[in-house]
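I opened this model to look up a few contacts and backbone angles. My notes are below.

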Amino acid sequence: LTEQIYVHSKLMIVDDEKVFIGSANINDRSMLGDRDAEICALISGPPTISVPINGRDTRVNSFAHDLRRDLFREHLKSDVEDPFDAFNAFASEAQKNTGLYH
């Protein structure tokens, strides 16, 4: 093997219901289909658990929900249940990071 393979993946979790994992960028190089090879997977399923979202109990897919919570735990170093509460947690973390680099 003479070349390294570099994977730059993207992830989108929608309303704790659907998970998109792929490699495409939103630009001509990825979207026209004549240059880069891209792949995307959609993981979805029926709602299986009830969790608070924006203060209301909402039925969601457990895989999408657990993945989002695991990622929030990893990146925010805290357990944020409601995704609406995550905005403040991300803003606080961004403020700390800004202070480190200025």
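**Entry 1**

I am working on a predicted model. I started with helix 2, residues 62-76, and helix 3, residues 83-101. Their axes lie 11 Å apart and meet at an angle of about 20 degrees. Angles under 35 degrees count as roughly parallel, so helix 2 is roughly parallel to helix 3. I noted the crossing of helix 2 and helix 3 as left-handed.

Next I listed who makes the contact. From helix 2 I got Arg-68, Phe-72, His-75 and Leu-76. From helix 3 I got Pro-83, Ala-86, Ala-89, Phe-90 and Glu-93. By type, this contact between helix 2 and helix 3 has six nonpolar residues, one polar and two charged.

**Entry 2: the aromatic pair**

How many aromatic pairs does the structure hold? I found one. The ring centres of Phe-72 and Phe-90 are 5.5 Å apart, and the planes stand at 80 degrees. Planes over 60 degrees apart count as edge-to-face, so that is what I call the pair of Phe-72 and Phe-90. Phe-72 sits in helix 2 and Phe-90 in helix 3, 18 residues apart, so I logged the pair as a link between distant parts of the chain.

I then checked both partners for accessibility. Phe-72 has a relative accessible area of 13% and is buried. Phe-90 comes out at 38%, which is partly exposed.

**Entry 3: Ile-21 and Leu-11**

I moved to the strands. Ile-21 is in strand 2, residues 18-22. Its relative accessible area is 35%, so I wrote down Ile-21 as partly exposed. Leaving out residues up to four places away in sequence, Ile-21 touches Lys-10, Leu-11, Ile-39, Cys-40, Ala-41 and Ile-43. I also took the C-alpha distance from Ile-21 to Leu-42: 6.6 Å, across 21 residues of sequence.

Leu-11 is in strand 1, residues 10-14. Is Leu-11 buried or partly exposed? At 41% relative accessibility, Leu-11 counts as partly exposed. With the sequence neighbours up to four places away left out, I count Val-19, Phe-20, Ile-21, Leu-67 and Leu-71 as its contacts. Leu-11 and Ala-64 are 53 residues apart along the chain, with their C-alpha atoms 11 Å apart.

**Entry 4: Asn-61**

Where does Asn-61 lie? I placed Asn-61 in the loop between strand 5 (56-60) and helix 2. Its relative accessibility is 10%; the limit for buried is under 20%, so Asn-61 counts as buried. Beyond residues up to four places away in sequence, Asn-61 touches Asp-16, Glu-17, Ser-44, Gly-45, Pro-46, Pro-47 and Thr-48.

**Entry 5: positive phi**

Last, I looked at backbone angles. Most residues other than glycine have a negative phi. I noted two residues against that background.

Asp-16 has a phi near 55 degrees, a positive value in a residue other than glycine. I find Asp-16 in the loop between strand 1 and strand 2. Asp-16 is buried, at 2% relative accessibility.

Asn-54 is in the loop between strand 4 (49-53) and strand 5. At 42% relative accessibility, I recorded Asn-54 as partly exposed.

Note on methods: Residues numbered from 1 in each chain as written. Predicted model: local features only at pLDDT ≥ 70, side-chain atom pairs only at ≥ 80, totals over all residues. Heavy atoms only, no water. Axes fitted to C-alpha atoms, helices over the stretch in contact; angles between N-to-C directions. Helix = DSSP H or I, 4+ residues; strand = E, 2+ residues; numbered from the N terminus. Parallel < 35°, antiparallel > 145°, perpendicular 65-115°, else oblique. Left-handed = near helix turned anticlockwise from the far one by under 90°. Contact = heavy atoms within 4.5 Å. Nonpolar A, V, L, I, M, F, W, Y, C, P; charged D, E, K, R; others polar. Buried < 20%, exposed > 50% of the residue type's maximum accessible area, 1.4 Å probe, protein only. Phe/Tyr/Trp six-rings, centres within 6.5 Å; stacked < 30°, edge-to-face > 60°.
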